[in-house]
Amino acid sequence: MGVFFYFCGLKPIFMQTYTLQRKERLKRRNESVRKLFETLSLKHPKWRMEAIIAEVAAQMYLSPRTVEAIVFYEGIYAEK
C-alpha cells in the first residue's frame, strides 16, 4: 500500500504527521539554541562570538557552523 502512495505522489497520513512533528521539534530546538546563545552572551560579555558559538555547539551537540546559521537566521534556518 505504501508503494502505491509513493508512486502516485500521495503521502499517507502518518508521513504527514511525522513531518509536522519533526518541523515542530526543529523549531523548538532552534529557539533553544538562540535562547542559550543569548543567555551565554549576557553572562560572558567579554567572550568573543566564536567562543560563545563553540560553547553552544558543545552543549547542544551541534556543529559550530549550524549554531551560527541558527543564531543569525541563515540559509534553511531563516524564519519563514
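This report describes the fold, the core and several individual residues of one predicted protein model.

Because the model is predicted, local features are given only where pLDDT is at least 70 and side-chain atom pairs count only at pLDDT 80 or more, whereas totals for chains, interfaces and linings use all residues. Residues are numbered from 1 along each chain as its sequence is written, and side-chain values use heavy atoms, with hydrogens and water left out.

## Overall architecture

The secondary structure of the protein chain consists of 4 helices and 0 strands, where helices (H or I, at least four residues) and strands (E, at least two) are DSSP runs numbered from the N terminus. Read from the N terminus on, the elements follow the order α-α-α-α. The chain has 80 residues, and 22% of them count as buried; here buried means under 20% relative accessible area, exposed means over 50%, and partly exposed lies in between, with a 1.4 Å probe and protein chains only. The accessible surface of the protein chain comes to about 6600 Å², and 62% of this area belongs to carbon and sulfur atoms; such areas come from the Shrake-Rupley method with a 1.4 Å probe, and for residues only the protein chains shown count as cover. Among contacts (heavy atoms within 4.5 Å) between residues at least 6 apart in sequence, 37% join residues at least 24 apart.

In soluble globular proteins, nonpolar side chains tend to be buried together. A nonpolar core is taken here as a set of buried Ala, Val, Leu, Ile, Met, Phe, Trp, Tyr and Cys residues joined through side-chain atoms within 4.5 Å. The largest nonpolar core of this model holds 14 residues, of which Val33, Phe37, Val56 and Val67 touch the most other members. Helices H2, H3 and H4 each supply at least two residues of this core. Leaving aside residues up to four places away in sequence, valine 56 touches Val33, Leu36, Phe37, Leu40 and Val67.

H3 and H4 pack with their axes 8 Å apart and at an angle of about 110 degrees, which makes H3 roughly perpendicular to H4. The axes are lines fitted to C-alpha atoms, for helices over the stretch in contact, and angles run from 0 to 180 degrees between N-to-C directions; under 35 degrees counts as roughly parallel, over 145 as roughly antiparallel, 65 to 115 as roughly perpendicular and the rest as oblique. In this packing, Ile53, Val56 and Ala57 of H3 meet Pro64, Val67 and Glu68 of H4. Within H4, Thr66, Val67, Ala69, Ile70 and Val71 are buried.

## Individual residues

The table lists the accessibility of selected residues.

| Residue | Relative accessibility | Class |
|---|---|---|
| Arginine 34 | 13% | buried |
| Phenylalanine 37 | 10% | buried |
| Methionine 49 | 40% | partly exposed |
| Tyrosine 61 | 76% | exposed |
| Isoleucine 70 | 0% | buried |
| Phenylalanine 72 | 41% | partly exposed |
| Tyrosine 73 | 44% | partly exposed |

Arginine 34 lies in helix H2, which spans residues 13-43, and isoleucine 70 lies in helix H4, which spans residues 64-71. Although 36 residues separate them along the chain, the C-alpha atoms of isoleucine 70 and arginine 34 are 7.1 Å apart.

Methionine 49 belongs to helix H3, residues 49-60, and touches Phe37 and Phe72 when residues up to four places away in sequence are not counted.

Rings of Phe, Tyr and Trp (its six-membered ring) pair if their centres lie within 6.5 Å, with planes under 30 degrees apart counted as stacked, over 60 as edge-to-face and the rest as tilted. By this rule there is 1 aromatic pair. Phenylalanine 37 and phenylalanine 72 form this edge-to-face pair, at 6.3 Å centre to centre and with 70 degrees between the planes. The pair links distant parts of the chain, since phenylalanine 37 is in helix H2 and phenylalanine 72 is in the segment after H4, 35 residues apart.

Tyrosine 61, in the loop between H3 and H4, has a positive phi near 60 degrees although it is a residue other than glycine. Tyrosine 73, in the segment after H4, likewise is not a glycine and has a positive phi of about 55 degrees.
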